[in-house]
Amino acid sequence: LRGLVPSRYLDGSAWNGATNMYCIPQADGSAYGPGDAIKSAAGGDANGIPYMQKAAGTDTARGVVVSVVISAPNLPSLQGVLLDLTTQAIPAAKTKDYYVLVCDDPTVIYEIQDDGSSALTSTACNKNASLTVANPTSPQQNSATSLSCASVATTQGLNLKIMGLLQKPNNAFGVYANWLVRFNQHELGGSNTAGV
């Protein structure tokens, strides 16, 4: 599992790697890894970088964590400071604010594996679904979030739109298949959403 992985845009062009920076505050009690969906939280840091929090399976998302910033922005020189470049995830218990780079463009299509609770078929295409949110098992650091097979339906309020089966070798209909999805409910998707 890798959670949500940016693949391409709705117009068919490849995802260009563009992200925006957000802050996960020290008081937040969730663990984060690349592939996790996040949503807005109230406030921002001392420099005005907006706070974010982990999105639940049915929440309207702001975007997907692509990477964790190694050192906090707007700090003095890091000369002589040792940085742990092996860590790409954020722990649940935090001693500082963390910063993440997030794919928050509502037109991005993502790759995601289903949770294997049933074998989805071609009838899942163009339906909606929600997420099964989970943390990875150590030493894995990428998200363990997956597409919830049990949630697949025509329900308008579900937060994912299934765009089809991922067309790659070794991927086929059945349990733990990989799918293309986009956010059906997105904070920046053009619809009116409440502030926090």
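1. What share of the 196 residues of the chain counts as buried? The figure is 42%, with buried meaning under 20% relative accessible area (1.4 Å probe, protein chains only).

2. This is a predicted model: local features need pLDDT of at least 70, side-chain atom pairs count only at pLDDT 80 or more, and totals for chains, interfaces and linings use all residues. Residues are numbered from 1 along each chain as its sequence is written, and side-chain values use heavy atoms, without hydrogens or water.

3. The chain has 12 strands and 0 helices. These are DSSP runs, numbered from the N terminus (strands at least two residues, helices, H or I, at least four).

4. Two strands pair if DSSP finds at least two bridges between them. E7 and E12 are joined by 4 bridges in the antiparallel sense. Isoleucine 112 sits opposite tryptophan 179 in E12.

5. The largest nonpolar core has 24 residues. Such a core is a set of buried Ala, Val, Leu, Ile, Met, Phe, Trp, Tyr and Cys residues joined through side-chain atoms within 4.5 Å. Among the residues touching the most other members are Leu4, Tyr110 and Leu147. Strands E7 (108–113), E11 (160–165) and E12 (178–183) each supply at least two residues of this core. A second, separate core of 11 residues includes Tyr32 and Tyr98.

6. Leaving aside neighbours within four places in sequence, leucine 147 is in contact (heavy atoms within 4.5 Å) with residues including Ile112, Ile162 and Trp179.

Key:
Buried means under 20% relative accessible area, exposed over 50%, partly exposed in between (1.4 Å probe, protein chains only).
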